[in-house]
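Q: Please take a close look at a single part of this structure, the place where its chains meet, and describe it for someone who has not seen it before.

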2 protein chains.
Amino acid sequence: MPRPLARRVTVLALALAAARPAAAETRLPDDALEQAAVLRDRGLAGSAAYGIVESLTTEVGPRMAGTEADARAVAWARAKFEELGFDRVRVEPVTFPVWHRGHEQARILGDHAQPLLITALGGSVGTGGQPLEAEVVRFDSLDALMAADAASVRGKIAFIDGRMERFRDGRGYGPAVGARSNGATEAARRGARAVLIRSIGTDSDRLPHTGMMRYAEGVTQIPAAALSVPDAEQLTRVLERDRSARVRLDIDAETRGEYTSHNVIGEIVGSERPEEVVLIGGHLDSWDLGTGAVDDATGGGITMAAGKLIASLPERPRRTVRVVAFANEEQGLLGARAYARAHADAIAQHVIGAESDFGAGRIYALRGNVEPEARKALAQIAEVLTPLGIAYEGEGGGPGPDIGPMAARGMAWAQLAQDGTDYFDLHHTANDTLDKVDAEALDQQAAAYAVFAYLAAEAEGDFGSAPKSAGEED
Amino acid sequence: MPRPLARRVTVLALALAAARPAAAETRLPDDALEQAAVLRDRGLAGSAAYGIVESLTTEVGPRMAGTEADARAVAWARAKFEELGFDRVRVEPVTFPVWHRGHEQARILGDHAQPLLITALGGSVGTGGQPLEAEVVRFDSLDALMAADAASVRGKIAFIDGRMERFRDGRGYGPAVGARSNGATEAARRGARAVLIRSIGTDSDRLPHTGMMRYAEGVTQIPAAALSVPDAEQLTRVLERDRSARVRLDIDAETRGEYTSHNVIGEIVGSERPEEVVLIGGHLDSWDLGTGAVDDATGGGITMAAGKLIASLPERPRRTVRVVAFANEEQGLLGARAYARAHADAIAQHVIGAESDFGAGRIYALRGNVEPEARKALAQIAEVLTPLGIAYEGEGGGPGPDIGPMAARGMAWAQLAQDGTDYFDLHHTANDTLDKVDAEALDQQAAAYAVFAYLAAEAEGDFGSAPKSAGEED
């Protein structure tokens, strides 16, 4: 029921806004603006970002939540924060069930026998220790599957062949990703034995895209896997020739046991109001197929490098700049949710947050969700960013996944919007590796985050963070 | 000893040239030139080429020599020639040993533990039913390995990390491919337990390039595999941090048994001199990782479509146009060699040959190796091709792999040079699939082959094919 909820939120927000005392306009001191320009130019001339990304993706490599590499990544992040000169480094626990990937194979049988390249979706069950063979029924989209007669699906492998469109801001992802999240549940409701989806991606490489899926309660859990885009197109062509073509799936995957990882937190401690924080960061975990370079070593690299730039100034800013390397984003924002729970009493002390989790492309816009008295300050920050090719776009955008739970509880946020044109070529695939990262683009971003975090930490007045009722939390 | 051999060949060639009677200039009749322009425009407006490529890559898919799909490919080619309206279709046997690929895995062990994506090279042995673990010693090139002290290699995995350069004409391949062909032998001579090479390719995808390798007689046969380019770069970075890093290889591969496949031959039978043939074609087999779209379904599609265009004319050309879908090119030109042996007595009757085995890119040049009296005729053919964006470049180039053995025996040849800028991004990888093929580029090529084959079949006078001594055969 999205509409009534939205209405209720609006009413609450208006009530809260009304309850807030009328605030003076937030201002940015002139010396801070000057200092920010220095940070910007220094960052653009060369930041630590690429080196950090190179270090994490090389030394740890893939670091799926709950694997031994998860622990190595946490140790890496602690050591890296120390090495970069952060004032305080600590960890906070994040506990979650562990998903295990085993072997995964698929093959078209019969007259057009040939392999299909697949990858199991995160959270999927396997085929039960033996191959599963069935006919395939194809749908153009999740909606088409949901509109189908169950008799056409029963006993078969449901194949959802929806295309994801390419946009700079990645807005093709939302309409496409339902097939991944809910395809298994909707297929199982109609009696399917397994679900195959066309990868949620914009490339044409034989590298399937993994990503999280969920089973609804009370519905049979069936195996769920993604075909690479060329394999989805191949299967479609084979089915055009032979509607009764059978596919064999052999997938070994399960959720088993529990693991405690950690959010890793590095701080540049504020000189005047250390308890007030500007929150930036990205997530530390990755999927297992690639080395998580653009998802999201870059987010960590950019925000850690921004912290280092700020730490290199002769004086600490007034407030604390807190960089968080979030645990287990990929399997359900588990680090972000744990952070929001742990800091639920400190929403107002999180003066503003911004996160980097959209690859290695340059930032082209600053947007934000701040109270009216802070809009001029946000526009001033954007002015300092203009030489970086960044435009101020006012309200709009979104907070991003890992600060989402804090934003939902009332934290003000900004979005440093990246060019994500190519992001979904690589996202959640084996191709997400360091060679796809441009060091100069990272410097532009590290410079932008340094400017943003520094000025937010120096601002006189706040951005409107205030606790919302628990009913609105993420 | 390349130099003395080359000198001997030159002397023989001069002797043969002197022995040929002075020939009249080869001419192309005006009505044939007019008809060729019709063929050109018809082909460019839409040929059968893409449909043929789609059919082979979809219905058969990967078709590695000696697999069950090899037999399906031969059946497909026979049926396709019939369907396209060729006058005569037949097969000729090609027998060879069978190489089998099984599982293949690699992993860096220790502090930077992570998987490496590899593929065994064709012809390689496996690791003997159990994983092989060893330290890695890296070389910039095969030459660097060959210059190394054996003590530095003994007991280790030799890693040859040479880069292949990108060129339109693919000339980066030759200098790079020695690491693949001879790396195992040179590594084994120095006591290595296995060899890993950086893929012979120009891409940066996590898709390793396979391809044939050979063991020299009397040298220990050690496993040989290619790392994808990003994996080679990753291994290099890990070795920079830890020179004693160990890698575990688990490769299941062997050469076992013998198989008889077939060259499949379709002919448009000549109206005046049916025993004289213009030979065009490509190879029918592919590697197992992709569906062999650009290597070499396109070669078959282009040349079969050219044959169909010629067959659609009201009259057959004077000579026979023979399209050959060669068996097992990938594992050593085995179909081409069998063809050359079977037709060794008919070199002079093969008036000229040209083959398509360089992907899906447009043709930009016509070159040829013909006797002086035929050069004007070749230039006239090129004139008809000018509207297709094809320039005449005279002598130069090479005959291509599958007509190479016939060219070595004295058959005149032409090269319709394709733009191969992106060819080695896909070559021998899982990414070699139909989605990489542009139908309009294939039409341009089918048009060019139709013009070439038709005019060569109509020419008055020949192109200089004449048997060479057996000593020069490929």
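A: Contact here means heavy atoms within 4.5 Å. By that rule, the interface takes 36 residues from chain B and 36 residues from chain A. The model is a predicted one, in which local features need pLDDT of at least 70 and side-chain atom pairs count only at pLDDT 80 or more, whereas totals for chains, interfaces and linings use all residues. Residues are numbered from 1 along each chain as its sequence is written, chains are lettered from A and ligands numbered from 1 in the order in which they are written, and side-chain values use heavy atoms, with hydrogens and water left out.

The relation between the two chains comes next. When copies are superposed by least squares on the C-alpha atoms of residues with pLDDT of at least 70 in both, chain B can be laid on chain A with an RMSD of 0.0 Å, by a turn of 180° and a shift of 0.0 Å along the axis. The two copies are therefore related as by a two-fold rotation axis. The same surface serves both of them, since 100% of the contact residues of chain B recur in chain A.

As for area, about 2400 Å² is buried between chain B and chain A, and carbon and sulfur atoms give 43% of it; buried area is the accessible area (1.4 Å probe) that two parts lose on being put together, summed over both. Of the area that chain B buries against chain A, B:Thr58, B:Arg206 and B:Arg241 supply 22%, more than any other three residues.

B:Glu59 forms a salt bridge with A:Arg241, with the closest N and O atoms 2.7 Å apart.

On the side of chain B that touches chain A, the elements giving two or more residues are helix H3 (49-60), helix H4 (68-84), strand E2 (114-116) and helix H7 (229-241) of chain B; helices (H or I, at least four residues) and strands (E, at least two) are DSSP runs, numbered from the N terminus. Sorted by class, this side has 11 nonpolar, 12 polar and 13 charged residues, where Ala, Val, Leu, Ile, Met, Phe, Trp, Tyr, Cys and Pro count as nonpolar, Asp, Glu, Lys and Arg as charged, and the others, Gly among them, as polar.

Definitions and conventions. Salt bridge = Lys/Arg side-chain N within 4 Å of Asp/Glu carboxyl O.
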